[in-house]
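Please look over the model below before reading my comments.

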Amino acid sequence: METFDAGEGATLAWLGQAGFLIRQAGLKIVIDAYLSDSLAEKYRGTRFPHQRMMPVPVKPGDLRDVDWLLCTHGHTDHMDPGTIPALLAANPRARALVPRAEKARAIERGVPENRLTLIDAGESIDLGGVIVTATPAAHEDLRRTTEGYLFLGYVLSGGGVTLWHSGDTIPFPGLAEWLMPFRVDLALLPVNGRDATRAANGVPGNLSLEEAVALADEIGARAMIGHHFGLFEFNTLNPEEGARKLGTLTPKVEVRLATVSTTYRVQPLIRPPLSVLVVCRGNICRSPTADGVLRAALPGHRIDSAAIMDWNVGKPPHAETISVAAARGVALETLVARQIRKTDFEEFDLILGMDDLNMEAIRALRPEGGHARIGRLGAYAIPGEETTIIDPWGQERGAFEAVFDQISVACERLAHFARAAQQNIGQGSEEHGFRA
């Protein structure tokens, strides 16, 4: 702890399982720390006794000068009654951030209500130099109560670096799209996988190593650390087997499997504001609507729209599209249709389609090694659903109004993410940097 210093960017240390100690933008953050044997005491004599395979790397009371304790969900190895009281007692100014749906459990586990901050998927909070944005997680399902999602991940943006701790999750539609606007530097992903035996005994699973690597590549992360292994023998990944698996993969992202007694440093990287290209079939109805909404919401960002087909090149948006947008305060008259081109895949950070046909065409056009992340605009509307935005061309005005509303909801969330990420842009290096 005495030598744990951030320097530029962010510094991390693994605490075992899904736990990390993070120094970022002047803050010291602990996330999902399990630093006790509370589960061994709870499950002694059962089929899964939860005996530790590795010792506690640090006592919770020895974690000093902590500003925030973050818990992604209410499972004991992430919200530990054997860790929380001691950690908060040793750090009287520290606060805890937990899912809004888990308020009662957090208080029960030892968080005083006056030191508790709540969050739900899609919301952002300034921790005091680090912006945290909650993302949904599916462990193994997207479970929601009237208060919010039970399982979350956290994007931490600050100090010119963006980290993403996914929480416990498996892949689900729309997850990658939610992360793409943040241009994640380092993804912290569970790799212990899942199977029928664990599921039948009430042990929900996570990403496999292969799925984690694919997800990190899909969101365009610079690096990934795989974790959530080496603690319980019934729910782990053998590191040697993991290393062999990594040898058979060809990830674009730099991948490490977490090790204790290791300091990981992520150097900041200078980036321009997020650029977004929205694509539909003809570029006169859906994509110009999203173009106009995003331009208004994200001044200073490069926003554009394009068509798959060449039917309407040089034409303004559909008259009904212009009228509906104008009634809602969005001007589209100056937009002119164009066709998507291969250079767009290098010039834009995000290229977003509206439906299955758009996505198929965009993927077919994408050149090998293209820079842009590809996703669906509708994924920003409802977590877990790759929502199709229907083509209103040829329909009554009500269809155009419904499409505008659908696009507006998706664009509002995308713009919120882009603004949260924008606050993190500052001085950094033009070189990629990830060091262990």
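The notes below go from confidence to sheets, cores and single residues.

1. **Basis.** This is a predicted model, in which local features need pLDDT of at least 70 and side-chain atom pairs count only at pLDDT 80 or more, while totals for chains, interfaces and linings use all residues. Residues are numbered from 1 along each chain as its sequence is written, and side-chain values use heavy atoms, with hydrogens and water left out.

2. **Confidence.** The mean pLDDT (the predictor's confidence in each residue, from 0 to 100) of the protein chain is 93. Of its residues, 96% reach 70 or more. Residues 427-436 fall below 50. Beyond near neighbours in sequence, that stretch still has 35 contacts in the model (contact means heavy atoms within 4.5 Å). Where pLDDT is low, the predicted coordinates should not be read in detail.

3. **The mixed sheet.** An open sheet holds 7 strands, in the order β7-β8-β11-β12-β13-β14-β15, with mixed pairing. Strands (E, at least two residues) and helices (H or I, at least four) are DSSP runs, numbered from the N terminus. Two strands pair if DSSP finds at least two bridges between them. β7 (124-126) and β15 (254-257) are the edge strands; each has a single partner, so one side of each lacks a neighbour in the sheet. From one strand to the next, the twist averages 20°. Axes here are lines fitted to C-alpha atoms, for helices over the stretch in contact, and angles run from 0 to 180 degrees between N-to-C directions.

4. **Inside that sheet.** β11 (residues 152-158) and β12 (residues 161-165) are antiparallel, paired over 5 bridges. Leu 156 has Leu 163 of β12 as its bridge partner. Helix α12 (residues 397-422) packs on the sheet and touches β7, β8 (131-136) and β11. The direction of α12 makes about 145° with that of β8.

5. **The parallel sheet.** Another open sheet has 4 strands, ordered β18-β17-β19-β20, with parallel pairing. Its edges are β18 (303-307) and β20 (373-376); each has a single partner strand, so one side of each is without a neighbour in the sheet. With direction ignored, neighbouring strands are turned by 25° against each other on average. β17 (residues 276-280) pairs with β18 over 5 bridges. In this pair, Val 279 stands opposite Ala 306 of β18.

6. β1 (residues 10-16) and β2 run antiparallel and are joined by 6 bridges. Gly 16 faces Gly 19 of β2. The hairpin has 2 residues between the strands, and Gln 17 takes a positive phi near 50°. β2 also pairs with β3 (residues 27-31), antiparallel, over 5 bridges. Here Phe 20 stands opposite Ile 31 of β3. This hairpin has 2 residues between the strands, with Ala 25 at a positive phi near 50°. How much of β2 (residues 19-24) is buried? The count is 5 of its 6 residues, where buried means under 20% relative accessible area, exposed over 50% and partly exposed in between (1.4 Å probe, protein chains only).

7. **Cores.** A nonpolar core is a set of buried Ala, Val, Leu, Ile, Met, Phe, Trp, Tyr and Cys residues joined through side-chain atoms within 4.5 Å. The largest has 105 residues. Leu 70, Trp 164, Met 224, Leu 377 and Tyr 380 have the most contacts inside it. α12 gives the largest share of this core, 12 residues. A second, separate core has 22 residues, including Leu 87, Ala 94, Ala 96 and Val 111.

8. **Ala 410.** This residue lies in α12. Leaving aside neighbours within four places in sequence, Ala 410 contacts Leu 377, Tyr 380 and Ala 381. The C-alpha atoms of Ala 410 and Leu 377 are 6.4 Å apart, although 33 residues separate them along the chain.

9. **Thr 83.** This residue sits in the loop between β4 (68-70) and α2 (84-90). Thr 83 counts as buried, at 1% relative accessibility. A polar atom of its side chain lies 2.8 Å from the backbone nitrogen of Leu 35. Not counting residues up to four places away in sequence, Thr 83 touches Ala 33, Tyr 34, Leu 35, Ser 36 and Pro 60.

Methods: A polar contact is a pair of N or O atoms within 3.5 Å; within protein, one must be able to donate a hydrogen and the other to accept it, and residues adjacent in sequence count only if both atoms are side-chain atoms.
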